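Subject: Structure handover

Hi,

Here is the structure you asked for. Please open it and keep it beside you as you read my notes.

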Amino acid sequence: MFEGFSKAFVREAINRSAENAVDRRRFLRAAGMTGLGVAGVAGGGLALSGAAFASDDSDDGAATDAAVLNFALNLEYLEAEFYLRGAFGEGLNDDQIDGSGKLGEVTGGYKVDFESKLAKQYAIEIAQDERDHVDFLRAALGDAKVARPAIDLQDAFSAAAQAAGLVGPGEAFDVFANEDNFLLGAYVFEDVGVTAYKGASPLITNKTFLEAAAGILAVEAYHAGLIRTVLLAKGFEDAAGAISDARDSLDGDTDLDQGIVDSDGNSNIVPTDENGIAYSRTAGQVLNIVYLNPASVTSGGFFPNGVNGGINTSDDNA
């Protein structure tokens, strides 16, 4: 991760970006930099063992930052399980899913028989990124991390496809059945992830974690652009537009979603507002989508028992 950077550069970057010694210790632990010879960065040496958020009571706003990062961790669990199972046929390891809250099982998911080398490579790359996001957030949160909640990758996709009109009422939609279904399933998540991280960014008080969240946001945006490009090349403008409309029907009256073509039929790979800025969603709006419910609820859809952590209730858009 830090190959090519001198130790002096790393020390300077950490000191410049972190607000205090506690922040630097957390970042070093999360980034796995204990072997870089930076033991004196925080001044007086680094105590790199123990929990991050749970034990550092001296850090103002830690509970808020922990809640935001744990909310993000729930979403990363969902994306990681989806991509890992589609790319490799198996999900996260047991040592990547424990934590506070109720540990849940994953329903559905198996290795996709990809038709094209390109789509398979994309799935593998994104799966590895999402697994890394899970590992990073878990390390940053330390003992405050939440466990993976129950995740539904079977009935939830059918419900989402029915809502978008991709299949008829009561019909199943197997997202892992083929390459095209898998890419449409990926489209359900990716734009939501981008708007979720952008919407959460003002809530993060710690500059070190804000920078890390911005880095994850950038990766999610790359993923979203990639998926949108592939769907456009495959001629899935109508299906993507239907999914976009379905998302918009869940998260309130404001139009926060755009398909992969505009009203004139031109490509729309990067959905932005009139200022060229990506949209934001509140945590509640994100939960409306992943719970597949416009009402204020605490479970449903892809998280049949809800998410773990303090941020767990969708907005009331019914």
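The structure holds 12 aromatic pairs. Rings of Phe, Tyr and Trp (its six-membered ring) pair if their centres lie within 6.5 Å; planes under 30 degrees apart count as stacked, over 60 as edge-to-face and the rest as tilted. Take Phe157 and Phe189: the ring centres are 5.6 Å apart and the planes stand at 65°, so this pair is edge-to-face. Phe157 sits in helix 5 (residues 155–164) and Phe189 in helix 6, so the pair ties together parts 32 residues apart in sequence. Both Phe157 and Phe189 are buried. Buried means under 20% relative accessible area, exposed over 50%, partly exposed in between (1.4 Å probe, protein chains only).

Phe189 has another partner, Phe302: their centres are 5.1 Å apart and their planes at 65°, so this pair is edge-to-face. Phe302 lies in the segment after helix 9, so its pair with Phe189 in helix 6 links parts 113 residues apart in sequence. The relative accessibility of Phe189 is 6%. For Phe302 the relative accessible area is 1%. Phe157, Phe189 and Phe302 are among the members of one aromatic cluster, which also includes Phe82, Tyr83 and Tyr110.

A note on the source: this is a predicted model, where local features need pLDDT of at least 70, side-chain atom pairs count only at pLDDT 80 or more, and totals for chains, interfaces and linings use all residues. Residues are numbered from 1 along each chain as its sequence is written, and side-chain values use heavy atoms, with hydrogens and water left out.

Now the whole protein. It has nine helices and two strands. Helices (H or I, at least four residues) and strands (E, at least two) are DSSP runs, numbered from the N terminus. Buried residues make up 50% of the 318 residues.

How do helix 4 and helix 6 pack? Helix 4 (residues 117–141) and helix 6 (residues 179–200) pack at about 35°, with axes 12 Å apart. Axes are lines fitted to C-alpha atoms, for helices over the stretch in contact, and angles run from 0 to 180 degrees between N-to-C directions. Ala119, Ala123, Ile126, Glu130 and Leu137 in helix 4 meet Glu179, Phe182, Glu190 and Tyr197 in helix 6. Contact means heavy atoms within 4.5 Å.

Last, helix 9 (residues 283–290): seven of its eight residues are buried. Val286 and Leu287 are among them. Just after helix 9, Leu292 takes a positive phi of about 55°.

Best wishes
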